[in-house]
Amino acid sequence: MIWDLYLVMPLALVFIGALFLMLFSLVKQVELTNYNLVTVAFLSVSLIIELIIFQNVEHDYLFETIFAKMFIVDKLSTLFNILFLSGAILTLLINNNYFKSRDYYNGEFFALLLFSIFGMMMLAHTNELITAFISIELASITLYVLVGYNHHSPKSSEAMLKYIILGSLAGVFFILGVALVYGVVGSTYLGDIYSYLIHHQNSDISLLVVGMMFMMVTLLFKIGAAPFHSWVVDVYIGSPFPVTMFMATTLKIAIFSILLRLFLVDFAPIYPLILEIIKVVAIATLLLGSLLAIAQTQLKGMLAASSIVHVGYMLMALYAIGVGSSFAASAIIFYLISYFLSALGAFGILSFLASDEEKRHLSFDDFKGFAHERPYMAAAMTIFMLSLAGFPSTIGFLGKFYIFMSVVETGEILLAGLGILIAFISIYYYFKLIALMYFYPSPNPKKRFPFAISTLLIVGVALMIVWGGIGTGLIPFVAGADGLLTIASEALKTIGK
Amino acid sequence: MLSPDKFLFVAVMMFAIGLIGLMLRRNLFVVYLSIELMLSSVNLILATFSRMHGEMDGGVVSLLMIAVIAAEAAIFLALIIYIYRITKSVDSQSITQLTHKRDEA
Amino acid sequence: MQHLLSMILFLPLLVAFTMGLLRVSIETLRMATFGSSLIVLLFAVVVAFYFHLDGGMQFVHNSPWISHYGINYSIGIDALSLLLLLLIALIMPLIFLAIWEEQRKGYFYNLLLLQTGVSGVVMAQDLILFYLFWESMLLPIFIMIGAYGYGMRHFNAMKIIIMTVLGSMSMLLAIIYLGYTHYATVGFWSFGLSDLTQLAFDSKTSILLAGAFLLAFAIKIPLFGFHTWMAPAYSSAPTAIVVVLSAIMAKLGVYGLYRFGFTLFEVPLGFYTPYVILLCLIGIVFYSIHAIMQRNLKRIFAFSSGAHLSLITLGLFMTNIYAWSGGMYLLATHAIASAGIFLMIGMLGRRTQDIQIAHLGGIASIAPRFAFFFAFFALAITGVPGTGGFVAELLIIIGAFKYHFWVGVVAATTMLGAILFIFWTLQRTLFGTTQEATKHFGDLSAIEIGILTPLVIILLVTGIFPSLLLDFLDASLSANLEAFKGGVK
Amino acid sequence: MESIIFFILAFFLLSGAIMIVFSKESLYSAIGFLMVMIAMAGMFALLHHSFLFLAQILVGVGAVVVLSIMIILSINLKEENQPKQNITRKNILFTTLIIAPIAGLLLYAIAKAPFAFAPIAQHFGTIETMGKVLFTHWVLPFEIVSILLLGAMVGAIVLSRRRLHVES
Amino acid sequence: MEALLSLIVILPFLSATILGLSYLVDSKKNLSNTYYATIALTTPAIVTLLSFVLVFKMSTMPHDTPLYAHLFDWVKVGQLHIEMRFMLDRLSMIMIGFITFIGTLIHIYAVEYMQSDEGFGKFFAYFNFFLGSMLLLVVASNPIIMFIGWELVGLASYLLIGFYHKVSSNITAANKAFIVNRVGDFGFIVALGVLFIALEGQGFSFEAIEQGIGGLSHSTLSFVGALLFVGAMGKSAQIPLYVWLPDAMAGPTPVSALIHAATMVTAGVYMVARFGFLYNEIPHIGEFIAYIGAFSALIAALMASFERDIKKILAYSTMSQLGYMFIAVGLGAYGAGIFHLFTHAFFKALLFMGAGAVIIALHHEQDIFKMGNLRKVLPQTFIAMLIATLAITSIPPFAGFFSKEAIINHAFLSGHYTLWIIAMTTAFLTAYYMFRLIFVVFFAHSTKTYPHLIPLGKMIIYPLIVLAIGSATVGFLGIEHGFAHFVALPDRATPAPTHLLEYGLMGLNILVALGGIALAYRLFGTNPEPPKANIPIKALFIHKFYVDALYNRLFVDTLRSLSIFFDRVVDGAVIDGILGLLTGGYKDLGAKLASFQNGTVKTYATYVILSVSLMSLALIYLLEAQ
């Protein structure tokens with residue numbers, strides 16, 4: 001019981017933090033930075049506890065007597081929670097300057113953010129589809145509002161409008177799918193679905209497949225996979241930087257946490273049907289994403305569109321899981337971490353720059369001569385771009401490498417070849433930014449490196465990316481390329497059927 | 001004699017009409033109501049299956065769904081009010097700055 | 001001793017990193033860079049000193065890197081690697097001397113990174129490690145061309161990166177497939193070269209795999225058809241990078257082919273041999289003719305470089321001891337000669353701000369030393385006897401005749417190819433009357449002579465006493481040739 | 001008897017749905033929605049979900065619909081503020097064509113499944129059984145729903161409280 | 001002995017290096033000409049001395065025991081084992097003897113000739129370098145080392161022809177020389193490649209080749225022989241690779257004397273003689289060589305007859321004489337060929353040096369029709385030139401008579417009457433154009449005076465005298481085939497002539513020569529007129545058969561337009577075009593796709609639903625298929 005309380009602490013802390021900030025925001029005199037710090041404090045404590053849990057937990061149901069077996073605590077969920085929490089912390093800290101430079105942020109922003117994180121954490125913990133749906137709704141609904149938080153900008157409102165309508169539309173499919181699954185199985189536990197499939201090998205499972213497909217629609221929508229990607233660019237561009245950052249990194253990971261769980265429960269009988277669709281979706285995502293990215297004229301749009309491509313890679317690996325690859329799951333987790341770090345860094349630099357009053361609308365042109373103006377930041381940005389492009393010696397390369405490896409394992413050489421081709425094309429649009437930074441003279445004088453929490457964190461993330469790409473066991477306690485993979489596979493071992 | 005199929009048919013029809021509404025209409029109210037309609041149709045499906053299995057689980061989920069519908073409604077209505085306030089319209093296309101072609105601005 | 005290679009490999013990187021963090025002044029940076037390159041040279045000489053001629057792979061160091069996939073930090077050198085390592089270690093200090101006056105710090109940082117990249121390529125014995133260095137050497141080149149280059153530098157920087165990455169991506173796919181096959185057949189992960197050579201494939205697969213590798217190297221070399229990045233990149237790049245491109249990077253393409261192509265894919269390369277040889281032969285003729293009407297010195301020598309690289313590749317693919325020895329010999333001597341010529345083009349460019357041939361002329365009459373060195377390197381490129389290039393070309397031609405009569409005949413046209421444009425170039429650059437740009441052309445300074453003299457001496461020594469270097473390579477090449485022939489059977 | 005009620009309810013349900021989608025006036029849509037909600041409640045009753053029936057009337061009709069209508073009235077939505085949209089036959093055909101596979105897939109799968117109503121326990125659908133299941137099996141979702149409502153509330157407040165200040 | 005042989009080759013290179021370095025280091029021109037001259041002259045002098053020592057030592061030894069000097073292993077790869085080893089047999093002995101001797105004389109002459117040139121040091125660096133290369137070529141013990149020398153003399157000739165590098169046309173001439181030579185070298189290297197592969201494993205020195213060729217097929221040998229001769233064509237300026245020779249006169253006159261008279265151009269003849277054992281196996285190729293030589297001799301003589309530049313006349317005459325030599329070696333009379341080469345070195349060097357003396361005295365005037373009456377102002381030069389001219393026109397007892405007669409007689413005796421007729425015609429023309437030169441330069445315009453004449457120094461006159469003596473006397477070495485027996489080359493035998501025939505032929509030769517002289521006197525003895533292109537055939541001769549224009553059109557223009565074609569079409573349009581289509585197409589597709597993002601929610605919702613609908617269709621299909 002005490003252990004259970006201990007396990008629930010991180011979630012509880014996030015929720016309490018949300019309530020606290022919600023009430024606290026009524027007090028008008030408080031400075032914004034303090035809200036931020038309070039949020040970070042809650043999240044940090046939660047993160048520390050999660051880290052300890054990660055060392056000790058194996059496979060556990062929280063309050064089994066009360067919550068039945070819905071609330072699962074294993075290393076996978078803890079790992080995901082660590083990612084959400086650190087993502088949120090990094091987002092908040094890196095955007096510290098940005099918050100201060102805009103007048104529309106207030107306490108509720110942080111409360112909503114915490115609600116959203118709570119939803120995501122719940123999603124990682126859940127073993128049951130209804131809970132998953134509600135968690136997704138919680139994470140999304142609060143995020144809708146965050147997207148439209150900049151009420152000075154019609155774009156922000158427009159992004160919110162689109163996101164709400166399309167997000168709700170997509171959400172409906174999930175619950176429809178759950179309902180159909182429930183209709184067939186009579187339960188919404190993943191484990192029950194699995195045992196139903198084992199025991200009813202001869203009965204018709206069409207409805208189950210249809211339900212699964214509708215669930216996939218929502219999940220694919222939320223991660224921005226190909227035919228459902230139309231919202232991504234607009235919403236990313238429209239939202240404030242911190243929110244874009246949060247969406248691009250954390251939300252995506254959250255959705256993948258449930259996707260992984262779905263795929264790791266071995267639904268072998270329905271795979272032949274679903275996997276074909278997943279494969280097509282993965283291919284379409286890669287192609288359309290790279291096409292869109294190449295056409296973007298706006299920096300944020302490029303990053304948004306390229307995030308679609310990254311989803312495509314993970315879908316490839318997801319397909320590989322279904323086909324039976326043994327290392328695809330850890331490859332996805334590694335890729336998530338790598339993309340998480342890279343995108344966080346890239347958006348972080350954008351928001352750092354955008355917090356400068358003169359550069360409200362950050363475009364490609366603002367990066368002309370950036371390397372001469374801020375060499376260190378440019379170096380960091382280069383590292384992020386390289387990592388996103390999958391250039392070796394960054395974590396992004398290893399991420400892609402593992403993914404391709406798992407795809408090759410399934411024998412789909414052509415699919416892997418397509419992935420590599422798309423990675424090749426992505427070189428173009430990522431290097432375009434590097435070219436802008438280094439190839440032009442700077443219109444502004446050289447600036448000193450600003451020693452602030454946000455910039456230091458950005459540099460830290462850059463170092464992590466490099467370390468994740470080349471790191472070995474040289475430094476024992478910092479997980480490098482190898483260590484991260486160990487963590488991922490350890491986490492995967494603890495999930496039960 | 002009633003069969004689940006009939007209920008499910010009606011639910012599917014509701015769902016389809018909701019989808020049509022989403023594709024057809026620009027009026028935010030209609031969009032909102034269409035989504036509510038779809039959610040409700042799922043609710044009906046859940047209730048039907050609950051009755052079919054003879055277990056209360058589906059019903060409970062329906063109940064939870066009603067709450068979710070309410071939450072959606074809250075956020076949607078707030079959005080409608082907000083959009084109406086800034087554009088004096090409930091047209092979903094009243095702000096379209098985020099198109100590809102206008103990105104350069 | 002064991003870590004000597006690692007020190008050679010990472011010293012430049014370490015210096016770059018430290019200097020970057022300390023934000024040193026340009027003077028300190030310059031000294032540190034030059035110092036580090038000298039230390040690397042010293043280490044390389046020490047390695048060469050302790051190197052056993054017939055000992056195969058040496059100075060091997062293995063430590064696990066990504067143990068999940070059996071990827072190791074695995075380095076080692078054999079005779080050819082050592083040769084390239086020495087070339088790199090020798091050319092880099094000269095480059096640093098040549099850019100002594102440079103005020104932009106980026107030059108030094110990028111070149112240090114580049115040195116680590118190219119050194120890594122020649123040492124890596126693990127395919128993933130190799131790929132890492134192979135790719136990472138592109139970045140400094142990209143930035144240097146784009147940031148400090150000339151002409152359409154942005155476009156050309158993009159072009160070189162896009163075209164070369166296309167090749168390396170195809171190689172990556174093949175590497176992944178190889179690694180996975182090793183896992184699937186042997187039961188544990190490994191990307192080590194020595195492990196992967198044990199694998200056997202059916203002919204179709206191996207042909208595809210070999211093709212993927214071949215594409216990467218063909219673009220890097222570049223063979224005919226994959227070459228359109230070459231002239232633009234050379235003409236846009238700053239001197240330091242042109243030297244690296246021509247003297248080192250192109251050679252690494254051949255090296256990769258030798259080290260990986262010929263070890264991993266003995267049989268399928270036989271499938272490609274006729275096509276590659278055809279491309280090489282076309283290249284020898286095509287590049288030479290193409291160079292004739294070029295207006296820019298760098299472009300002219302870019303094409304000359306291409307022709308020689310085609311010849312080297314030709315030598316490699318004829319798989320007999322003459323051609324191999326000749327190829328490797330040409331690899332070394334052409335690296336030296338082209339380093340010399342491009343360094344001199346850089347010196348010329350600094351004096352005239354213009355390397356359009358039409359604007360030059362008359363240099364010989366006011367700057368005889370410049371003219372001497374320039375003509376020497378140009379002639380060394382044409383393979384005049386007494387310079388190493390002659391020996392190499394002779395061996396390759398003989399090897400070509402051993403391979404096939406007509407191949408020999410076309411290979412022999414290399415004797416004609418280079419002179420077609422080089423003599424005309426010399427005429428318009430050095431001789432005749434001075435023009436606006438060359439009116440106040442200053443002769444070489446002591447430092448510049450100091451940079452070029454070692455290269456001249458090396459070229460002469462390799463030309464007059466070729467057996468020194470050939471004996472050095474012989475054991476290793478013969479052994480590899482035997483292994484290759486054994487593999488084919 | 002049940003069938004007749006079912007068909008009447010279904011008629012109202014679907015015509016309400018059609019009214020939502022095809023009315024030109026938002027208020028009629030809202031009334032259509034009211035019809036749907038009420039018919040839904042009837043459906044629940046038919047399915048022996050007595051508590052759901054209650055909840056639907058209370059929350060669905062009493063809260064959601066009323067709130068919607070209230071908002072339509074409160075923002076005083078006039079004709080000219082609503083988007084002018086001609087719903088052409090072509091549009092309807094087009095959308096129907098798109099929808100057809102989705103509905104078809106659902107119906108196809110449903111038809112394939114051998115569904116029939118099981119005999120039900122005596123207390124099916126009553127508030128006690130409902131409560132028992134809710135608080136033994138579904139506590140966690142229930143709790144999260146409450147948090148969801150809280151979050152949505154905060155969001156709604158944030159949204160509705162502010163004004164747009166478009167920068168020039 | 002071995003050390004002496006090695007020194008002969010090494011010393012010139014060494015002094016060339018010293019001179020070159022001194023010149024480069026001495027940018028302020030502190031070093032005097034004397035410094036350079038001392039070094040430059042000492043070396044050839046020592047080398048001459050050494051070679052004479054060797055010649056005397058070797059003459060006493062039997063001819064089949066050559067002297068070898070092994071320096072080091074040059075290349076040892078597989079079966080290719082090339083030693084840096086020098087070989088001195090009778091043939092190379094003769095060669096180094098006259099090369100060093102005449103070379104030294106020309107060096108002395110050049111010290112005076114180049115006195116005022118600012119590139120004095122450089123000139124002698126090149127000169128010594130050339131001497132070393134030529135010696136390397138001659139004493140090489142295997143074809144590869146010979147080829148190195150072969151290439152290096154080409155390089156030296158490039159440097160020397162282009163010595164006055166401020167005038168672009170001189171460089172063009174130098175380029176032409178080098179490129180045409182390389183075309184020949186191409187043939188040479190192909191021949192070597194084929195030969196090496198055919199003989200692989202049996203060694204590649206001359207001795208080894210001689211032993212090995214017995215086992216080779218006739219066709220291989222023919223191929224090798226023909227291609228080796230292509231190399232010789234380039235170096236020895238035979239049809240069709242002769243075009244560089246007239247232009248090569250752009251260099252300083254000592255250069256013309258050394259390179260284009262005495263030494264370099266004879267390398268081709270030397271090489272064929274060196275490979276005599278090979279050509280003996282393939283007499284039909286030999287005949288081909290002889291015909292090429294004969295036509296070259298004739299055409300050169302024709303062109304010389306219409307030329308007005310004094311050096312070019314001599315250049316054509318060189319080509320013509322080389323033609324004779326090729327007739328000889330082609331027909332297997334190696335001894336006769338080398339003998340003519342030997343005598344020719346004397347009188348041609350003398351002619352060039354005399355011409356140089358005239359040129360320098362007249363302020364670099366080279367047009368013979370602007371000269372005249374020089375007999376009175378430059379008497380020593382006149383006498384020297386006259387002796388040389390008599391030698392070349394083969395008037396007994398001057399040197400050329402003995403050597404040329406041997407060749408012409410050989411042609412007749414071996415039954416090649418066509419060749420004999422051509423050779424006789426050429427002999428007639430030779431007498432004509434050489435005396436045309438003498439008459440125009442030294443006799444005509446008997447009233448002409450030269451107020452600004454530059455006096456000639458001793459260092460110019462003395463070598464002339466030495467060579468004049470040589471030209472007059474060396475012919476006697478050939479009496480009774482003494483020379484041919486001495487060099488002991490594998491001559492092909494001819495039927496021995498009767499005495500009557502022999503004297504008859506001799507008389508005919510002298511008559512033909514006198515006829516040429518008479519014609520020359522009639523036309524140019526008193527009032528010479530420059531040639532006019534008034535009839536087509538004359539125009540053809542004056543414009544050198546339009547060969548330069550033809551080569552320009554055929555090769556230069558083609559290559560240039562090909563180069564532009566490669567640049568614009570192959571690279572630009574095809575390869576980059578395809579790449580551009582691919583990348584541009586992808587970008588356009590991207591833009592098209594992005595334009596679907598029209599920004600309205602309704603459309604986006606339609607996309608989403610449409611996608612779901614498509615997935616549903618797919619799923620229906622899959623379910624049905626199951």
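This is a predicted model: local features need pLDDT of at least 70, side-chain atom pairs count only at pLDDT 80 or more; totals for chains, interfaces and linings use all residues.
1. Chain B as a fold. The secondary structure of chain B consists of three helices and zero strands, and from the N terminus on its elements follow the order α-α-α. The radius of gyration of chain B is 18 Å, which is well over the 13 Å that the globule rule gives for 105 residues, so chain B is more spread out than a compact globule. The box filled by its C-alpha atoms, taken along the principal axes, is roughly 60 × 25 × 25 Å.

2. Burial and contacts of chain B. Of the 105 residues in chain B, 75% count as buried. Among the contacts in chain B with a separation of 6 or more, 47% are between residues 24 or more positions apart.

3. Chains B and D. Eight pairs of chains touch, and the most contacts are found between chains B and D. Here 75 residues of chain D are in contact with 64 residues of chain B. Several helices of chain D each supply at least two residues of the side that touches chain B, including helix 1 (2–22), helix 3 (50–74) and helix 6 (139–161). Sorted by class, this side of chain D has 55 nonpolar, 19 polar and one charged residues.

4. Pairs that do not touch. Chain C and chain D do not touch either, and their nearest C-alpha atoms are 36 Å apart.

5. Chains A and E. In this pair, 27 residues of chain A are in contact with 21 residues of chain E. On the side of chain A that touches chain E, helix 8 (154–185), helix 10 (206–223), helix 11 (230–238) and helix 13 (271–295) each supply at least two residues, and the largest share, eight residues, comes from helix 13 of chain A. By class, this side of chain A has 22 nonpolar, two polar and three charged residues.

6. Two packed helices are described by the angle between their axes and the distance between the axes. The axes of helix 12 (residues 266–292) of chain C and helix 24 (residues 547–595) of chain E come within 7 Å and cross at roughly 100°; these two helices are therefore roughly perpendicular to each other, since angles of 65 to 115 degrees count as such. From helix 12 of chain C, Phe286(C), Ile289(C), His290(C) and Ile292(C) meet residues of helix 24 of chain E, among them Leu559(E), Arg560(E) and Phe566(E). By class, the contact of helix 12 of chain C with helix 24 of chain E has six nonpolar, two polar and two charged residues.

7. A buried histidine in chain E. His260(E) lies in helix 10 (residues 253–262) of chain E. His260(E) is buried because 31 other C-beta atoms lie within 10 Å, where 20 or more are enough to count as buried. Not counting residues up to four places away in sequence, His260(E) touches Leu245(E), Ala248(E), Val265(E), Ala315(E) and Thr318(E). The C-alpha atoms of His260(E) and Phe347(E), 87 residues apart along the chain, are separated by 12 Å.

8. A loop residue in chain A. Asn106(A) is placed in the loop between helix 5 (96–101) and helix 6 (107–125) of chain A. Asn106(A) is partly exposed, with 18 other C-beta atoms within 10 Å. Although Asn106(A) and Lys28(A) are 78 residues apart in sequence, they are 9.0 Å apart in space, C-alpha to C-alpha.

Methods
Residues are numbered from 1 along each chain as its sequence is written. Chains are lettered from A and ligands numbered from 1 in the order in which they are written. Two residues are in contact if their C-beta atoms, placed from the backbone, lie within 7 Å. Helices (H or I, at least four residues) and strands (E, at least two) are DSSP runs, numbered from the N terminus. Ala, Val, Leu, Ile, Met, Phe, Trp, Tyr, Cys and Pro count as nonpolar, Asp, Glu, Lys and Arg as charged, and the others, Gly among them, as polar. The radius of gyration is taken over C-alpha atoms; the globule rule is 2.2 Å times the number of residues to the power 0.38. A residue is buried if 20 or more other C-beta atoms lie within 10 Å of its own, exposed if 12 or fewer, and partly exposed in between; C-beta atoms are placed from the backbone. Axes are lines fitted to C-alpha atoms, for helices over the stretch in contact, and angles run from 0 to 180 degrees between N-to-C directions. Angles under 35 degrees count as roughly parallel, over 145 as roughly antiparallel, 65 to 115 as roughly perpendicular and the rest as oblique.
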